[in-house]
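Please keep the sequence and the structure open while working through them.

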Amino acid sequence: MGIDVLVDTPYSLGSALIPFVTTRSHLSTILSALGSVLDRPQPQDIYPHGFVSGSSRPASQGGHPSWDFSGPSTLNFGVLMGSEASELPKRPRTFGWPVIGETLQLLRAAGSGKPEKFMQERVERHTCPQVFKTSLFGEKVAVLCGPAGNKFLFGNENKHVAVWWPSSMRKVFGECLLTSVGEEAKWMRKMLSSFLTPDAFTRLYITTMGEVTQQHIKTHWQELQYRTWSGLLSTSWCLSMWVATSHGALVAMSSLTITVDVQDKEEVKVYETIKLYTFELACRLFMSLEDPLHMSKLAYQFTICLKGLIAIPLNIPGTQFYSAMRASTAIKKELVGIIRQRKLALEQRTASPSQDLLSHLLVSSDENGRFLTEAEIVNNILVLLFAGHDTSTIAITFLMKILGELPLVYDKVLAGHLRLMKLGTIEQMDIAVAKAKGELLQWEDIQKMKYSWNVVSEVLRLWPPVNGGFREALVDFTYAGYTIPKGWKLFWSPSLTQRDQNFFPNIENFDASRFEEAGPAPFSYVPFGGGPRMCLGKEFARMEILIFLHNVVKRFKWDLLVPDEKIAYFPVPNPVNGLPILLRPHEL
């Protein structure tokens with residue numbers, strides 16, 4: 001019986017660079033110019049050799065179909081050999097264009113707000129729906145599709161595969177939990193995981209989360225309303241007095257009414273505001289950093305850093321990668337200063353070894369007495385600040401979007417948090433009874449918010465904060481009848497299953513009931529990944545999101561000011577206008 005083989009060949013794309021794609025504006029221009037070209041079939045006479053690899057017959061004469069792109073003055077790409085039982089198309093464009101591969105097509109799909117489109121088109125194009133090959137970021141990549149593909153990758157960590165990321169991410173973050181493999185990764189994960197347990201949440205996090213959340217809403221949501229109202233009212237009064245002197249009291253009353261209308265249209269941009277909230281939380285909880293100026297300085301550098309995470313690794317002025325590397329260096333310099341201050345405080349016993357994650361990393365060692373180096377601590381704090389604030393920002397932003405779009409869902413969530421009767425049913429009646437005004441939630445309360453978490457889960461199904469992950473083949477192995485060579489990169493994407501009608505009927509419909517009882521099929525819902533490298537911060541994110549949700553719904557309803565706002569992915573999903581909303585405070 002024939003076995004299809006993904007054969008490695010002498011040419012390696014390596015760390016190819018595309019010097020002309022340096023910024024988002026450049027990319028938009030290039031994609032617009034190349035849009036039709038990228039989808040045009042490649043010329044038939046470029047690759048004259050149509051012989052089957054390992055066969056004496058041309059592909060056109062039968063046998064195993066193969067494509068040897070090694071003609072004169074051309075580059076050898078990997079080839080996909082079909083089995084006798086299943087012939088593939090004669091001239092597939094499986095690797096796209098020389099050097100750049102299909103990277104631009106992937107980025108174009110992301111820019112359009114439909115990153116899953118890139119994957120879905122190639123699944124439909126290939127005979128085997130379980131795996132297809134492509135070239136991304138200068139690497140030959142096999143994309144594993146469906147729950148079976150997710151299960152295979154998650155279950156074979158350090159056996160057949162190991163984590164891998166594009167060189168831009170490896171250079172920005174350095175050696176850390178995200179980029180390390182093997183025993184080093186296990187040790188780092190063990191060091192970090194002890195500070196991300198329910199006991200740590202109860203002991204260290206939940207009170208601070210509650211206090212920061214209440215203060216954030218008071219400062220950036222409630223006081224915004226009061227300050228704006230007060231300023232507008234004062235201005236109207238002065239205007240009314242002047243108009244009254246010249247024309248009478250009736251005109252003065254009209255001017256005050258107009259001002260009230262303007263106040264009703266004050267907006268909050270959710271995405272940017274939530275970024276402040278989640279970054280402050282991460283700084284407070286991981287490093288006990290409370291200085292607003294220090295945090296805003298770091299947050300500014302993080303914004304720059306994020307834009308260059310998935311970029312062409314061209315480190316010259318004017319490129320996103322260059323800016324990201326400079327921002328990363330600046331952040332790491334700040335973190336070194338914070339770490340050295342903490343070391344001194346620990347020596348002088350003015351800081352506690354268990355007060356936060358930073359102290360924990362400084363004083364903890366493995367069974368052989370090995371401590372993390374200063375550089376390793378810096379890199380891990382950097383990646384945790386990224387993971388702890390940016391991904392949560394995305395989840396909360398799209399949660400606010402859904403609750404603004406769907407009033408029935410909002411009502412059920414509100415009922416769950418306030419023990420109210422809504423829509424003829426009692427929702428989430430197990431949530432803590434009659435919390436006093438300002439009283440903080442406890443860990444037990446979080447566990448009872450089942451409907452609210454179902455809503456969040458459906459939000460994460462539609463807009464996963466991370467659009468996938470990479471692995472590298474450690475050995476040659478066979479999957480779905482294809483042999484994938486050692487050194488090839490593999491990619492999985494939550495969108496391939498989370499937007500699959502076979503697992504989630506009516507995929508565009510918002511339906512939190514998908515997560516009731518047994519929930520989705522195993523490995524079909526994977527916003528946090530899976531296996532040994534499942535997101536360490538899953539429970540941290542759950543607590544952070546639900547505490548914010550509890551505090552915002554009991555104070556406000558809101559309307560979306562741009563109902564059909566476009567969503568773009570650069571590299572994570574975000575509303576292009578920042579999700580502006582109109583807040584409507586309510587008394588409960």
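Q: Which residue stands opposite Asp559 in strand 16?
A: In this predicted model, strand 13 and strand 16 (residues 580-585) run antiparallel and are joined by 5 bridges. Within strand 16, the residue that stands opposite Asp559 is Leu582.

Q: How many residues of strand 3 are buried?
A: Val131, Lys133 and Ser135 point one way from strand 3, whereas Phe132, Thr134 and Leu136 point the other way, and all are buried. In a regular strand the side chains alternate between the two faces of the sheet. Strand 3 (residues 131-136) is largely enclosed by the rest of the structure, because the number of its residues that are buried is 6 of the 6.

Q: Which residue in strand 4 is the bridge partner of Val131?
A: Strand 3 and strand 4 form a hairpin with 2 residues between them, and Phe137 in the turn has a positive phi of about 50°. The two strands, strand 3 and strand 4, pair in the antiparallel sense over 6 bridges. In this pairing, the bridge partner of Val131 in strand 4 is Leu144.

Q: How many of the residues of helix 4 are buried?
A: The buried residues of helix 4 are Gly146, Pro147, Gly149, Asn150, Phe152, Leu153 and Phe154. What covers them includes strand 4 (139-144), strand 5 (161-164) and helix 17 (494-498). Helix 4 (residues 146-155) is mostly covered, and of its 10 residues the number buried is 7.

Q: Is Phe195 buried or exposed?
A: Phe195 is placed in the loop between helix 6 (182-193) and helix 7 (198-247). Not counting residues up to four places away in sequence, Phe195 touches Ala200, Leu204, Tyr205, Ser354, Asp356, Leu357 and His360. The C-alpha atoms of Phe195 and Leu357 are separated by 6.5 Å, although the two residues are 162 residues apart along the chain. Because its relative accessibility is 5% and buried means under 20%, Phe195 counts as buried.

Methods:
Residues numbered from 1 in each chain as written. Predicted model: local features only at pLDDT ≥ 70, side-chain atom pairs only at ≥ 80, totals over all residues. Heavy atoms only, no water. Buried < 20%, exposed > 50% of the residue type's maximum accessible area, 1.4 Å probe, protein only. Helix = DSSP H or I, 4+ residues; strand = E, 2+ residues; numbered from the N terminus. Contact = heavy atoms within 4.5 Å. Pairing = 2+ DSSP bridges.
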